[in-house]
Amino acid sequence: MFALIRGAGDLASGIALRLWHSGFDVAMTDIEHPTSIRRTVSFSQAVTSGRADVEDVSAQRAENITHARELLKRDILPVFVDPECRCKEGIKPDVLIDAILAKRNLGTKITDAPIVIGVGPGFTAGVDCHAVIETMRGHTLGRVIYKGTALPNTNIPGRIGGFTGERVLRAPANGVFKGTRKIGDMVEAGDTVGYVGDKAMICTIGGVLRGLLADGTATVEGMKAGDVDPRGKKEYCETVSDKALAIAGGVLEAVLHLYTDRGEF
């Protein structure tokens, strides 16, 4: 089966990893200048660097569909710069997964593929997709919804190590980001990890810097620009998160359920 994933950030990459390990051909799309902060576990880095490795899977930027198919033959995951997902017309995927995490639907339709899955709020199962995957941390994380919507976005990050909003670093101004620390560094409350212009982005808690915008990324004041993990485990910076794997498990369940329900197996 061929799965096309819209978005290539850390949650989308967790989905890609799980489907890839399950034997799917997988391709992804992203914007020209990705804003992923967990860059060490995001296939979006293939867009800017040409190549990205997440755990045991390698990805490369695909210039066209022919190139993408060549990459797949070499066991390399292709990533397109294609924010409108026009490549779906040529690929004709068996499964299309919208994992942009925009909290709203940016154009995905239930007719885009035989199986269409929306990840997080902004989608309605049975209207613009066949299934929705819950992304809110808590008891229902990763559950598959076949009728209705995911829980609404609260703008409050999930609790990790006893902290919620405190662990998220936000751009201090409109402008262009420049980091002074790198992912995997240990930080303390009050440390500066980057600047937008002359305004510092300062940590409010200590831990390991698990995510940080790439240098040169355009910012809007208040946008998510970094992530401090208070658990302080540097190895967590190199592996997909528990949340990503839970959501990925929901996607895999939905695909298999919808496929078998139609008598394809």
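**Entry 1. Aspartate 75**

I looked up aspartate 75 and found it exposed, at 59% relative accessible area (buried means under 20%, exposed over 50%, partly exposed in between, with a 1.4 Å probe and protein chains only). I work here with a predicted model, in which local features need pLDDT of at least 70, side-chain atom pairs count only at pLDDT 80 or more, and totals for chains, interfaces and linings use all residues. I number residues from 1 along each chain as its sequence is written, and side-chain values use heavy atoms, with hydrogens and water left out.

I placed aspartate 75 in the loop between helix H3 (65–73) and strand E5 (77–81); helices (H or I, at least four residues) and strands (E, at least two) are DSSP runs numbered from the N terminus. I noted that its phi is near 60°, a positive value in a residue other than glycine.

Leucine 101 sits in the loop between strand E6 (95–98) and strand E7 (115–119). I recorded leucine 101 as partly exposed, with a relative accessible area of 22%.

I then turned to glutamate 84, in the loop between E5 and helix H4 (88–91). Glutamate 84 counts as partly exposed at 49% relative accessibility. I found 8.3 Å between the C-alpha atoms of glutamate 84 and leucine 106, which are 22 residues apart in sequence.

**Entry 2. Helices H1 and H5**

I examined helix H1 (residues 10–21) against helix H5 (residues 242–261): their axes come within 8 Å and cross at roughly 55°. The axes are lines fitted to C-alpha atoms, for helices over the stretch in contact, and angles run from 0 to 180 degrees between N-to-C directions. H1 and H5 are therefore oblique to each other (under 35 degrees counts as roughly parallel, over 145 as roughly antiparallel, 65 to 115 as roughly perpendicular, and the rest as oblique).

I listed the residues that make the contact (heavy atoms within 4.5 Å): H1 contributes Asp10, Leu11, Gly14, Ile15, Arg18 and Leu19, and H5 contributes residues including Ala244, Ile247, Gly249 and Leu252.

**Entry 3. Nonpolar cores**

I looked at the largest nonpolar core, which has 63 residues; such a core is a set of buried Ala, Val, Leu, Ile, Met, Phe, Trp, Tyr and Cys residues joined through side-chain atoms within 4.5 Å. Among the members touching the most others are Ile5, Ile15, Leu19 and Phe43. I noted that H5 supplies the largest share of this core, eight residues.

Leaving aside neighbours within four places in sequence, I found leucine 19 in contact with Ala3, Ile5, Phe24, Val26, Ile97, Val251 and Leu252. I also recorded another core apart from the largest one, of 19 residues, including Val196 and Leu209.

I found serine 36 in the loop between strand E2 (25–30) and helix H2 (45–49), buried at 12% relative accessible area. Not counting residues up to four places away in sequence, serine 36 touches Ala8, Gly9, Ser42, Ser44, Leu212 and Leu213.

I found glycine 226 in strand E17 (residues 224–229), buried with a relative accessible area of 0%. With residues up to four places away in sequence not counted, glycine 226 touches Ile37, Arg167, Val168, Leu169, Gly211 and Leu212. I noted 9.9 Å between the C-alpha atoms of glycine 226 and isoleucine 202, 24 residues apart along the chain.
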